[in-house]
Amino acid sequence: MANKVKEKMKLTSIDELLGVPETTENGTEEIDIELIKPFKNHPFKVLDDEKMDELVDSVIKQGIISPVLVRPMGNGTYEMISGHRRMHAAKKAQLKKIPAIVMELTDDESTIMMVDANLQREEVLPSERAFSFKMKMDAMRHQGTCRHDVDKLSPVERKTATIVGEGSGLTGRSVQRYIRLTELLPELLEMVDNKQLSLVNGVDIAAFDKEVQSYLLTYIKEKGSIAPAQLAALKKQPNLENLTPYTVMTIMKEAVANKPKSKKISFTEKKLNQFFPADYSASKREKIIIELLTKWKEEQGMKTEG
């Protein structure tokens, strides 16, 4: 039966796999949920949140409308490629079977398809994007030539990195920056997901070894945040592998203390209205202010010479 189903399937895109009516009618099997295993090292989280509750309600009322995508594992079981959330909702709705499209896929093909399907979700956490990009880059490297270090990529390899990010509207360099997040300590990566730590700072911290990262984690917990200037100061230190917690904390403190104070000046419209007619435009007011400051600067110069 499974072979006949596969013969009928003529799929050309992720959209077709995830719900085109012709595919659903001609290429779907009802599979025992207990026979479907999660994708190995699946990077996307399945949360019991409000959206899951809504999905469960939908499943109870309408069933699984869009079939999941699985691949046979050769021992009567299947591996989920796309549909972890739907399967979780089906389990919560106490369904025993789920409509599924079965495809024969290699490890690399299934990884690429799994990543592409899940990145279509509306909300993707930085950690999910990071690990999924890494998995896809690894799969594409197995299929051809592709390294993680974008700075050392050949033109062909750079194109591969760009392809990885195309579906998300990201450049190859952005893909590499996300992948670098996978080097973060789990707690720091969670801070990036929770927006307690900015993506930029997370990428910078990922460049340090795990011991230095642990010192920075302690600092962030104590202070609540960390500034780019502090990380920049730390990068300049020689022998980073020999830094002690005390040294790191000292560098952090000095970087903030030595940060130049902003010299930006702004005037409210109320203040300027004391000196200009109401009908003067902003550009005209700016021109007059510049002229007056220029004159003042010249007068200061004459006083100094005198």
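Predicted model: local features only at pLDDT ≥ 70, side-chain atom pairs only at ≥ 80, totals over all residues.
1. A polar atom of the glutamate 128 side chain lies 2.8 Å from the backbone nitrogen of lysine 45. If neighbours within four places in sequence are set aside, glutamate 128 is in contact with Pro43, Phe44, Lys45, Arg121 and Glu123.

2. Which helices each supply at least two residues of the pocket lining? They are helix 4 (50–62), helix 5 (84–92), helix 6 (107–118), helix 7 and helix 10.

3. Helix 11 (residues 199–206) is worth a look next. Six of its eight residues are buried, so this helix is largely enclosed by the rest of the structure. The buried ones are Asn201, Gly202, Val203, Asp204, Ile205 and Ala206. The cover over them includes helix 9 (172–180), helix 10 (186–193), helix 12 (210–223) and helix 13 (228–235).

4. The largest nonpolar core has 48 residues, and Leu188, Leu216 and Leu234 touch the most other members. Helix 6, helix 7, helix 9, helix 10, helix 11, helix 12, helix 13 and helix 14 (245–257) give two or more residues to this core. Another core lies apart from it, with 18 residues, among them Ile33, Ile64, Tyr78 and Ala89.

5. Not counting residues up to four places away in sequence, leucine 216 touches Ile205, Phe208, Ile226, Leu231, Leu234, Val248 and Met252. One of these, Ile205, is among the buried residues of helix 11, while Leu234 is another of the residues that touch the most other core members.

6. Finally, step back to the whole chain. There are 16 helices and five strands, and 39% of the 306 residues count as buried. Of the contacts between residues at least 6 apart in sequence, 66% join residues at least 24 apart.

Methods
Residues numbered from 1 in each chain as written. Heavy atoms only, no water. Polar contact = N/O pair within 3.5 Å; in protein donor to acceptor, adjacent residues only side chain to side chain. Contact = heavy atoms within 4.5 Å. Buried < 20%, exposed > 50% of the residue type's maximum accessible area, 1.4 Å probe, protein only. Helix = DSSP H or I, 4+ residues; strand = E, 2+ residues; numbered from the N terminus. Core = buried A, V, L, I, M, F, W, Y, C linked by side-chain atoms within 4.5 Å.
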